[in-house]
Amino acid sequence: MNITGKQIINGSFVAEGNDTFTSMNASLGISLDKIFFEATDEEVNDAVLSANYAFGPYKHTKHAARAGFLKTIASEIEALGEELIETASTETGLGADRLRGERQRTINQLHAFAKFIEDKSWVKPIIDGADPARKPLPKPDLRQMQIPLGPVGVFGASNFPLAFSVAGGDTASALAAGCPVVFKAHPAHPATCEMVSTAILRAIEKTKMPAGVFSLVHGKSNRVGSTLVKHPLIKAVAFTGSFKGGKALYDLAVRRSQPIPVYAEMGSVNPVIILSSMAKEKTDITAKQLAASITLGAGQFCTNPGVIFMNDEPETNTFLEKLADELSAVQPMTMLTSVICKSYLEGIQSQRSIAGVTALTANPQEQVIPHLIKVNAADALKHRGLLEEVFGPSSVAVISKNLDELMALCAAMDGQLTATLLGQEDDLQKASALIDILLSKVGRLIINGYPTGVEVSPAMVHGGPYPATTDSRTTSVGITAIYRFTRPVCYQNFPQSLLPEELKR
């Protein structure tokens with residue numbers, strides 16, 4: 001496929017600016033020869049205006065037609081074939097098998113949202129009929145349903161170039177809700193972004209959707225994203241990435257003359273609490289499975305287990321030695337970008353320099369290898385940086401004197417996407433107070449499993465209290481993600497002829 005490096009606005013490829021950048025070969029660390037044009041402020045404005053123009057007709061499309069649009073996007077992505085996989089692999093360093101699985105997840109998400117909106121009950125209709133005879137005042141006819149917000153700005157994630165990118169869960173849920181999307185391509189995989197965008201363009205043409213229902217803008221600078229968020233016609237923003245990036249977008253949005261919601265998923269350390277029975281009786285398998293979770297995808301998952309909580313017991317050091325052995329056996333890995341790699345190595349060195357820290361694995365220095373350190377609970381609370389995310393294959397073992405100190409440590413944690421509890425039945429039955437603390441801190445609590453691997457399910461919550469996300473009431477994975485882009489409206493005393501189909505008897 002010929003990659004143009006241009007913006008895609010209202011069905012056309014445009015490039016009016018002079019600022020450019022190139023994508024990178026992540027594995028080799030060298031620039032690729034394809035040039036991408038940074039969107040100008042005028043181009044961002046044009047993209048939003050086209051989305052706003054498309055909103056009128058798009059929000060009135062039948063649910064079945066919108067579902068057909070999503071299914072056609074899925075088919076067009078599949079039709080890109082191995083060229084998409086090869087392009088994404090070159091730009092991210094992720095393996096072909098991993099990317100094929102991610103492509104299938106992207107396709108499955110689109111089909112899941114399509115199936116969901118085919119049933120009109122997804123708009124949550126509530127019909128509360130009139131009672132003219134009610135005393136002392138007649139009761140009006142009241143009906144409620146969800147309606148789409150309007151144009152949405154979506155920011156792609158670096159670590160999921162397909163499933164959390166152009167046609168990922170944020171875009172799919174916004175389009176399913178009836179909201180046009182202006183997508184800010186991630187500069188770490190811009191060619192991949194353009195390829196998937198062309199699949200959406202073909203789906204727009206085949207299903208005769210308004211051309212402005214989807215636009216793509218490129219930008220390596222913060223200016224492009226800031227301009228998008230501040231545009232008065234953008235009604236919501238979805239973001240997956242770092243705390244720094246998500247918080248910056250959130251601050252921009254709430255300072256607008258008309259504030260808008262920003263649904264930012266900003267990562268977490270996803271504590272894994274290992275109870276004594278599991279460390280003592282299932283040492284080898286637990287260490288092996290936990291090491292696999294820490295190193296999966298070079299640790300570049302927002303659900304990576306970055307902190308391990310254990311009590312100071314005879315089996316604790318034995319388990320940590322086994323875990324360190326498993327991690328040390330992993331070969332050096334490639335990270336998504338040089339910036340992420342540099343941040344990882346600097347984060348590791350910062351942690352190792354803190355008083356009271358004991359290193360259990362080799363110093364990464366210049367290579368990306370797994371990293372494990374140990375510290376007692378008091379020092380971890382004194383040096384809160386040890387409880388903050390280092391994006392990559394790294395984890396911190398925090399050792400408590402007893403269960404009471406471990407629970408106090410959990411109570412002092414920031415909000416997290418997940419927490420995991422590993423233990424045998426007897427220990428788990430005694431952990432009700434600990435479970436209650438953890439439920440107040442996370443969006444998903446796992447027992448005897450691992451946080452990496454987020455199932456796309458109606459019951460999934462991929463979110464959590466701040467700073468894991470900016471809104472703990474929502475999820476960015478699963479079909480209920482659609483409700484980030486809708487709002488409830490009450491129709492009072494409407495005649496049947498004026499009611500939406502979903503609210504007619």
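Because the model is predicted, local features need pLDDT of at least 70 and side-chain atom pairs count only at pLDDT 80 or more, while totals for chains, interfaces and linings use all residues.

Helix pair. I looked up helix 2 (residues 63–79) and helix 5 (residues 169–177), which pack at an angle of about 155° with their axes 9 Å apart. Helix 2 and helix 5 are therefore roughly antiparallel to each other, a label for angles over 145 degrees. I then listed the residues in contact (heavy atoms within 4.5 Å): Arg66, Phe69, Leu70 and Ile73 in helix 2 meet Ala172, Leu175, Ala176 and Ala177 in helix 5. By class, I found seven nonpolar, no polar and one charged residues in this contact.

Strands 8 and 9. Strand 8 (residues 181–184) runs parallel to strand 9, joined by four bridges, and Val181 has Phe214 as its bridge partner in strand 9. I checked both faces of strand 9 (residues 214–217) and found Phe214 and Leu216 on one side, and Ser215 and Val217 on the other, all buried, that is, under 20% relative accessible area with a 1.4 Å probe, protein chains only.

Strand 6. In strand 6 (residues 142–148), five of the seven residues are buried. I saw strand 6 pair in the antiparallel sense with strand 5 (residues 126–128) over three bridges, where pairing takes at least two bridges found by DSSP. Seven bridges join strand 6 to strand 19 (residues 486–492), also antiparallel, with Pro488 as the partner of Gln146.

Conventions. Residues numbered from 1 in each chain as written. Heavy atoms only, no water. Axes fitted to C-alpha atoms, helices over the stretch in contact; angles between N-to-C directions. Helix = DSSP H or I, 4+ residues; strand = E, 2+ residues; numbered from the N terminus. Parallel < 35°, antiparallel > 145°, perpendicular 65-115°, else oblique. Nonpolar A, V, L, I, M, F, W, Y, C, P; charged D, E, K, R; others polar. Buried < 20%, exposed > 50% of the residue type's maximum accessible area, 1.4 Å probe, protein only.
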